[in-house]
Amino acid sequence: RFDLLRDQPADPLLKIIAAYAADLRSDKIDLGVGVFRDDRGETRVLEAVKRAEQRLLDRQTSKAYLGPDGDKAFVAELGARVFGADFMRPWQGLQTPGGTGALRLAAEILVQAGVERIWLAAPSWANHAPIFAQAGLRAMAVDAFDVAAQRFDAEAWMDALRAAAPGDAVLLHGCCHNPMGIDPDPAQWRAIADVVAERDLLPLVDLAYQGLGDGWDEDAAGARLVLGRSRYGLLAYSCDKNFGLYRERVGALWATAPNAAAGAVVQSNLLALARANWSMPPDHGAATVRIILEDPELAALWQDEREAMRRRLHALRGELGAQGRIGDLDLAPIATGKGLFATLPLAPGPIEYLRREHGIYMAGSGRINIAGFGIGGIERFCDALHAVVDA
Ligand code: PMP
């Protein structure tokens, strides 16, 4: 039967990764892959993670199964910090294989509950629409960013939400939007929370960069606001960036409900879906996070390391934004953006030129990873942009 299958295109970003690896120029710059890098271009294991892993290695006495919800203390400790002390609605959740696993499970429970459509602001993370479609949801993409002007079009997004049917789901990036780097401001978050509550929409917040934007609580403020006001809600979480645990696949999915009994029903459905997907999530990364969160000293060390990542991103954004206009291209909006990404309104020609002539690699969409600039990188990048403009 496999002769009925059609060849699938490889993820274009993987092609860029391969081309970058094969490039022999020593001053090449990788702005493609979405991982944090230090100023030497390295994505190092955090010291807090190293110490927690050592402790895990020394003290773990069994690798017997835990269950479909994974490490319960990880879910509880992290959840308490994500939702914060003032959150009024009952929440419960489970550990998932990364934020991707959380999104997939979220999509499945939406389908299980009879939800047919999920609204999302485009452009969005390239994997959102495929995840939703595979689970059987219709992804309703709304042009909610003016990519040329590097601006969030709040009006277009609000119009779409006002036109959504009660019971429709809506995807919201919690912070550090991927790929635009532009988040709603506090007033826009309030307006979104209003319309989600008024129209009885079901919010799914994707929080994959907490602590890398404005700060830990600041980055969760939008999620807390929306989920605190809607009857039911979902929060898909990734620890891959803020703990630097990428390949360990650490995530969680929480559901909020109007009362504890309703929440228990949702949780039982999530557990059944997880059981039929991966049965149980991988343990190592989540156990590492739990050890960090349970130990005040390790937690403080992790917070310092996380803050250092945040400050680096902030500084690079400021430096890029200060370059202002290079020809038609305005770098100024990058300074007020958040997180790892910005999307530059560059055509395929210039993107290809930067790669070929200058060894500067970015996604075909114009998305750049801000953390990809090492020492001297921004200067080289801007010189290359001048060359594009003059070419
Ligand atoms: N959501 C967003 C917005 C992301 O950028 C990513 C990772 N690039 C994910 C979810 C998935 O995270 P994970 O790697 O934990 O599956």
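This is a predicted model: local features need pLDDT of at least 70, side-chain atom pairs count only at pLDDT 80 or more; totals for chains, interfaces and linings use all residues.
Local features need pLDDT of at least 70 and side-chain atom pairs count only at pLDDT 80 or more, while totals for chains, interfaces and linings use all residues. Residues are numbered from 1 along each chain as its sequence is written.

**Domains**

Colour 2-44 + 309-390 as domain 1 and 65-294 as domain 2; these bounds come from an automatic or database domain assignment. The C-alpha centres of the two domains lie 27 Å apart. Next, select their contact, which takes 18 residues from domain 1 and 20 residues from domain 2; residues are in contact if their C-beta atoms, placed from the backbone, lie within 7 Å. On the side of domain 1 that touches domain 2, helix 11 (296-321) and strand 13 (341-343) each supply at least two residues. Helices (H or I, at least four residues) and strands (E, at least two) are DSSP runs, numbered from the N terminus.

Now show the open sheet of seven strands, with order 2-10-9-8-7-3-4 and mixed pairing. Two strands pair if DSSP finds at least two bridges between them. Strand 2 (91-97) and strand 4 (138-143) are at the edges with a single partner strand each, so one side of each has no neighbour in the sheet. On average, neighbouring strands are turned by 20 degrees against each other, direction ignored.

Zoom in on strand 3 (residues 117-122) and strand 7 (residues 169-173), which run parallel and are joined by two bridges. Pick Trp-119: its bridge partner in strand 7 is Val-170.

Axes are lines fitted to C-alpha atoms, for helices over the stretch in contact, and angles run from 0 to 180 degrees between N-to-C directions.

**A helix pair**

Finally, select helix 3 (residues 72-83) and helix 10 (residues 284-294), whose axes are 9 Å apart at an angle of about 50 degrees. To see the contact, show Ala-73, Phe-74, Glu-77 and Leu-78 of helix 3 with Ala-286, Ala-287, Val-289, Arg-290, Leu-293 and Glu-294 of helix 10.

Key:
Two residues are in contact if their C-beta atoms, placed from the backbone, lie within 7 Å.
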